[in-house]
Amino acid sequence: MAENYKDTLKLPQTAFPMRANLGKREPARADHWENISLYEKIQEKNSDGPPFVLHDGPPFTNGDLHLGHALNKTLKEIVLSYKAAKGYRTPYVPGWDCHGLPIEHKVSKELQEAGKSLTTAELREKCDAFSEHWIDVQKRQFKRLGVLGDWDREYKTKNPAYEAEILRTLASFVDEDLVYRSKKPVYWSIPCETALAEAEIEYKDHSSPSIWVAFDIPDTKRFTTNKPVSIVIWTTTPWTIPANLAVAVHPRLEYALVDAGERVFIVAKELVETFVSDCGLENGVVVETVIGESLEKVESRHPFIDRASPIVLADYVTTESGTGCVHTAPGHGLDDYLTGLKYGLDIYCPVNDKGVYDDDGQIPEFLIGESVLESDRWVPANGKVLKALSESGALLKKQKITHSYPHCWRSKTPVVFRAVDQWFVALDKNGKRNKALEAIESVNWIPDWGKNRIRGAVEARPDWCISRQRSWGVPIPAFYDDEGRGHLDTNVIRGIADKIERGGTNIWFTNECESLLEGIELPDAWSGKTLTPGTDTLDVWIDSGSSHFAVLKEKDDLTWPCDLYLEGSDQHRGWFQSSLWTAVIRSGSAPYKNILTHGFIVNQDGTKLSKSEGAMTLEHYMDKFGADIVRLWIASTDFRNDVPMGDEILKTIGDAYRLIRNTYRFQISNLFDFDFEKNGMPVQELHALDRWALDKTATLASACDLAYERYEFHRVYQLCNQFCSVTLSALYHDILKDRLYTLAENHPLRRSSQTAIYHIFRTLVRVLAPVLPFTSDEAWSYFISNEDFIDEPLALQEWPSDTTMWSDETLSQEFTELLAFRDLVNEKLEGLRKEGAIGRSLDAFIELTGSDDDPTFQLLSKYHDFLEELFIVSQVALTSGSGEIAIQVTQAEGGRCPRCWRWFPDLQNGVENEQLCPRCAEAIL
RNA sequence: GGUCCCAUAGCUCAGCUGGUUAGAGCAUCGUGUUGAUAACGCGAGGGUCGUUGGUUCAAGUCCAACUGGGACCA
């Protein structure tokens with residue numbers, strides 16, 4: 001019976017499951033790797049290899065990982081895994097970015113909702129715990145993703161030793177005399193007496209006065225009119241008028257002089273009509289127009305303070321509302337501030353922490369002590385300013401306006417914008433900016449446009465504001481005297497850094513001044529002063545920007561500069577830049593040799609990920625699809641551009657994954673009775689088909705090698721995908737089935753093919769391991785011992801090196817031709833199949849007629865004995881003739897061998913009287 | 001609004017320094033097989049290379065503008 005013959009076949013056997021069940025099974029493998037200290041073993045294996053140091057950009061520790069994290073970390077992992085396979089020593093110290101507003105904000109909010117109010121030190125404890133919690137979570141999720149690293153030596157920006165290094169970076173800035181104190185406007189909550197960050201602002205509707213104010217221009221001779229001329233501004237914050245230092249116009253806008261009878265007003269030409277009607281100047285007539293540019297530096301006078309208010313140019317001026325002439329108070333607006341810097345204006349802010357006007361010698365007496373806190377009712381400051389404007393004849397019109405206005409998230413009151421003293425780093429001093437630009441040149445930027453991007457960022461960056469009025473960060477060890485002047489000293493910073501290294505930054509918030517400074521030599525200039533420690537913290541970009549000092553220079557096995565930073569392209573302005581500045585200032589050169597950037601995850605249609613999709617955690621994807629699927633998806637895209645994600649893409653990746661998995665499985669299962677030591681054959685002795693397959697494998701390995709080298713992982717994906725589906729599944733494996741299943745166990749052809757499969761598997765699994773570590777390692781375990789886990793995981797295997805010996809150019813060309821001919825045969829077979837004459841190709845007989853002079857026919861003749869296998873048919877006859885090669889396909893005649901299913905002319909075909917073909921008869925002896 | 005980046009079949013990618021009818025895999029459709037079987041084979045259809053101009057004997061490939069998308073900044 002036929003079934004009995006099936007039992008005599010060498011059918012594939014393996015315990016390697018067809019169904020991956022990755023979501024469930026991967027965690028065990030990740031655990032296994034950890035249990036056997038795989039990372040350490042890899043390091044040990046390559047301990048004498050050349051170093052390749054990738055410095056990890058630390059993720060922020062405030063939530064579950066999402067796909068963006070996976071993208072970044074997987075790319076790093078692929079690089080390192082490949083480099084390790086190539087014999088490089090690849091120490092990898094993962095890091096965590098712990099300080100910062102989002103955490104402080106979240107924690108504060110929770111405390112507020114619980115009705116608790118804590119001291120700064122207590123708040124910081126909570127932030128620390130919050131951050132620590134997410135470090136644990138994220139670490140677990142990264143390990144689940146298959147990220148191998150030195151997790152025991154991870155770095156945290158909140159570690160005391162790290163914090164000390166941050167302060168030493170600051171000290172190096174002070175050494176170079178780059179740090180200075182100046183004002184800059186920030187959002188300010190008056191009831192809370194604190195600065196607010198963008199994230200702490202809530203926008204709500206608010207009713208404000210809306211006023212038109214005329215600033216007289218004394219020099220009327222420059223205009224054709226001889227009436228008094230005023231330039232008109234429009235504002236909704238009357239209380240900032242006392243701080244007005246300029247009026248901004250757009251350089252390329254046209255401005256009109258509107259004659260309203262007794263006076264002439266300047267407003268943007270486009271807005272004349274609305275201005276005239278808003279201010280009820282019915283008789284207004286345009287008598288002259290000038291271009292904005294020509295008004296630059298023309299002097300106007302402050303309406304009630306004896307002070308010039310020059311006209312300045314600014315690109316941000318629009319004609320969407322107002323008059324096209326913008327009231328400019330550098331101490332009360334960011335645009336105004338930048339314009340102020342540009343024109344060398346004072347960053348003037350007469351409003352103190354409590355939101356009232358200080359007596360600074362300029363503020364009119366009637367305003368001193370008045371609060372500028374906005375409310376929907378009477379605001380004393382606004383009222384008195386309006387009164388003064390009105391009395392001086394500058395107030396053309398006032399009305400109420402309701403608009404969206406920033407409010408404090410905590411006190412729910414309107415916030416003000418006010419300049420407060422900040423610490424800055426002068427970036428142009430001592431040629432630092434040029435140094436930074438030079439350092440950029442020494443770095444290899446991938447893709448190359450990255451250089452332009454960071455160059456633009458470095459060139460355009462204003463002086464670095466490094467102070468924040470926050471709690472969850474590294475304190476700036478500045479001391480303030482009785483007059484409020486801030487003092488920073490390099491010795492003191494270093495002394496404090498040493499203390500913080502031992503006791504953590506909390507000492508700054510808990511210890512008394514004396515104990516902080518105890519044992520530290522103070523500069524002479526500080527003597528005799530009563531000092532108070534400041535409460536500002538450092539910009540967190542100094543935190544992460546100091547990582548190369550705190551990590552690369554602190555650990556002996558790492559290098560400074562390192563070989564590679566690999567982050568999203570947004571870091572050109574962020575971490576790449578902050579790291580560059582700290583390195584250039586403190587060490588004179590860039591901390592990295594190569595910068596590789598990736599794009600961002602977008603929807604399949606190319607649009608930004610919506611909130612709900614973006615909020616989907618990495619764990620969700622790993623549980624549902626598997627880490628290897630996530631990783632394969634990442635490898636499948638050209639990550640230098642946007643990385644699309646969607647259901648269709650996930651499905652495609654799933655299909656590609658199954659193709660690879662089944663390829664592994666087919667190979668493993670057909671080696672069940674193969675022992676390379678005993679049954680392996682020398683490559684030269686292998687059958688041509690097998691040598692061809694090895695040639696293809698060699699090509700694949702070298703192409704993938706190059707692709708990895710160039711960080712073009714999508715090429716690895718494409719190459720392997722095509723290799724599995726075309727070279728193997730459709731050709732090599734399909735042809736091999738007959739040999740492997742039906743020939744006698746030790747038949748040379750069978751062993752030849754098994755030898756090739758053995759080599760191919762070892763190569764393929766190694767090539768794909770950086771992308772698919774779980775599945776590749778799983779397959780490797782089954783390949784080695786037919787068990788799920790082994791002690792020598794795949795990651796300890798070297799990159800395949802014997803592949804170059806498999807190349808065979810002549811054979812490759814011959815096969816290219818044979819395979820092209822095979823396509824023609826297949827077309828014919830399909831025709832016969834459509835007619836219903838045959839089912840499987842094995843049912844066919846092929847007669848080829850061609851000229852003996854025809855090179856293709858000669859080639860076919862050379863491989864005559866192999867053609868049946870190549871075409872997977874029962875018989876192939878070659879007949880000499882003339883002209884083009886004719887392909888005659890007919891149904892095979894005679895009988896079908898019940899064991900191998902091939903047809904033989906002299907075989908009886910009948911269930912009753914079964915008869916085997918000679919080959920099979922021999923095989924089952 | 002500014003700077004930078006991207007744009008080739010339904011999807012993911014090739015297409016080098018411009019040169020014959022633009023390629024691959026997957027997906028789709030049809031079909032065979034049931035000895036890789038929640039697997040595998042065979043065949044077929046599918047793109048005016050985002051749009052519009054320009055340079056050139058010749059452009060997916062160079063230039064410009066525009067459109068759409070993304071990153072950063074404002």
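Q: Which helix gives the most to the surface near RNA strand B, and with how many residues?
A: That's H25, with 13 residues; "near" needs a heavy atom within 4 Å of the strand, and helices are DSSP runs (H or I, at least four residues), numbered from the N terminus. This is a predicted model, where local features need pLDDT of at least 70 and side-chain atom pairs pLDDT 80 or more, while totals for chains, interfaces and linings use all residues. Residues count from 1 along each chain as its sequence is written, chains are lettered from A and ligands numbered from 1 in written order, and side-chain values use heavy atoms, leaving out hydrogens and water.

Q: What makes the Arg 840 pair a polar contact?
A: A polar side-chain atom of Arg 840 sits 2.6 Å from a phosphate oxygen of RNA strand B. The cut-off for a pair of N or O atoms is 3.5 Å, so this pair qualifies.

Q: Why is H4 called oblique to H24?
A: The axes (lines fitted to C-alpha atoms over the stretch in contact, with angles from 0 to 180 degrees between N-to-C directions) come within 10 Å and cross at roughly 130 degrees. Roughly parallel is under 35, roughly antiparallel over 145 and roughly perpendicular 65 to 115, so the pair falls into the rest: oblique.

Q: Which residues make that contact?
A: Ile 78, Tyr 82 and Lys 83 of H4 meet Asp 705, Tyr 708 and Glu 709 of H24, with contact meaning heavy atoms within 4.5 Å.

Terms used. Helix = DSSP H or I, 4+ residues; strand = E, 2+ residues; numbered from the N terminus. Polar contact = N/O pair within 3.5 Å; in protein donor to acceptor, adjacent residues only side chain to side chain.
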